[in-house]
Amino acid sequence: MSLPYGVDVTVPSVARMYDSLLGGQDNYPADRAACTELLKHVPSMRELALNNRQFLRRVVQVLASDYGIRQFIDHGSGLPTQDNVHEIAQRVDPASRVVYIDNDPIVRTIGGVLLESNENTAVLQADMRDTDAIFSSEPARRLIDLTQPVAALFVSVLHCIPDDSGPGQLIARVADRLPTGSMVVVCQLVSDSAQVRDFVTRFMDEQTQGHWGRVREKKDVAAFCAPLDVVAPGLVEVSAWRPGKDDVPAQLSWEWEEYGGVGIVRR
């Protein structure tokens, strides 16, 4: 695969680091080196990533099967891997439609190639904070019917958004665009340790050259969900969200966790 013009693979990418943790092949030495260094300080990182991916699979299955959602907008989707959102949703209903959003041009290139034969799925290279551009884009206008319920996904991406860019306001803006019966999935990295929060935030900001927000606290995630009526079991560490028989390693240490849940848009 030729790289998109202007991509510097010597600068780690959050999407490619996540791909490395999941055992993917679309990552580079800089991404793997950043993961290796982080693992020294947060040794549960790989298990956390695997559990987070399993949460995404479960939550899409539940939204499609139990709540009848047939439209998904996946903000900060990352690189394609096994059991992507469209694959899960389309197993429930082949007519399900998915728009993936990511600002990484490699995600756009690889995703576009993989999905070119799937007319109900599209990848849009965009800043997930630019709600107006996303909802007015050709893929969103073609695939998303705003008279019917939509699921907006923000899975393990809000920690990439700085406070001054308003992650809570982003959730509110998107929720305001969605019709009755829509749902929003929110989770992000949190830690009870100020030392862990400060180290990871500083490290990732330096490594990604500013493409990072911060590791937050549980109270911050609760504030982000203010526009939503959170469904059972509420806001939890993601492996505790309607757990199934997930064949993934348990998180053995709790220096940080992925924390969040699912809410219905309040009207």
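At what angle do α3 and helix α4 (residues 85–92) pack, and how far apart are their axes? The first legend answers that; every view here is taken from a predicted model.

**View A. Helix α3 packed against helix α4.**
The angle between α3 and α4 is about 30°, and their axes lie 9 Å apart. Angles under 35 degrees count as roughly parallel, so α3 and α4 are roughly parallel to each other. As for handedness, α3 passes α4 in a right-handed crossing. On the α3 side, the contact is made by Leu56, Arg57, Val60, Gln61, Ala64 and Ser65, and they meet Val85, Ile88, Ala89 and Val92 of α4. Sorted by class, this contact has seven nonpolar, two polar and one charged residues.

**View B. Helix α3 from end to end.**
How much of α3 is buried? Of its 21 residues, 15 are buried, so α3 is largely enclosed by the rest of the structure.

**View C. Helix α1 crossing helix α2.**
Helix α1 (residues 14–21) and helix α2 (residues 29–41) have axes that come within 9 Å and cross at roughly 70°. That makes α1 roughly perpendicular to α2, since angles of 65 to 115 degrees get that label. The crossing of α1 over α2 is right-handed. Look for Arg16, Met17, Ser20 and Leu21 in α1; they meet Asp31, Arg32, Ala34, Cys35 and Leu38 in α2. By class, that contact of α1 with α2 comes to five nonpolar, one polar and three charged residues.

Aspartate 31 sits in helix α2. Is this aspartate 31 buried or exposed? Its relative accessibility is 0%, so aspartate 31 counts as buried. Setting aside residues up to four places away in sequence, aspartate 31 touches Val11, Pro12, Ser13, Arg16 and Met17. Two of those names, Arg16 and Met17, also turn up in α1 where it meets α2.

**View E. Helix α2 alongside helix α9.**
Now for another partner of α2: helix α9 (residues 194–207) packs with it at an angle of about 170°, with the axes 11 Å apart. That makes α2 roughly antiparallel to α9, as the label applies to angles over 145 degrees. Ala34, Glu37, Leu38 and His41 in α2 meet Phe199, Val200, Phe203, Met204 and Gln207 in α9. The class tally for this contact is six nonpolar, two polar and one charged residues. Ala34 and Leu38 of α2 are also among the residues that meet α1.

**View F. Alanine 140 in helix α7.**
Find alanine 140 in helix α7, residues 138–143. With 6% relative accessibility, alanine 140 counts as buried. Apart from neighbours within four places in sequence, alanine 140 is in contact with Val99, Ile134 and Phe135. Leucine 124 is 16 residues away along the chain, and its C-alpha atom is 8.8 Å from that of alanine 140.

**View G. Histidine 159 in its loop.**
Histidine 159 belongs to the loop between β4 (151–155) and α8 (167–177). Though it's in a loop, histidine 159 is buried, with a relative accessible area of 2%. Beyond its neighbours within four places in sequence, histidine 159 is in contact with Gln188, Leu189, Trp212, Gly213, Arg214, Arg216 and Glu258. Cysteine 187 is 28 residues from histidine 159 in sequence, with 9.0 Å between the two C-alpha atoms.

Notes: Residues are numbered from 1 along each chain as its sequence is written. This is a predicted model: local features need pLDDT of at least 70, side-chain atom pairs count only at pLDDT 80 or more; totals for chains, interfaces and linings use all residues. Side-chain values use heavy atoms; hydrogens and water are left out. Axes are lines fitted to C-alpha atoms, for helices over the stretch in contact, and angles run from 0 to 180 degrees between N-to-C directions. Helices (H or I, at least four residues) and strands (E, at least two) are DSSP runs, numbered from the N terminus. A crossing is left-handed if the near helix is turned anticlockwise from the far one by less than a right angle, and right-handed if clockwise. Contact means heavy atoms within 4.5 Å. Ala, Val, Leu, Ile, Met, Phe, Trp, Tyr, Cys and Pro count as nonpolar, Asp, Glu, Lys and Arg as charged, and the others, Gly among them, as polar. Buried means under 20% relative accessible area, exposed over 50%, partly exposed in between (1.4 Å probe, protein chains only).
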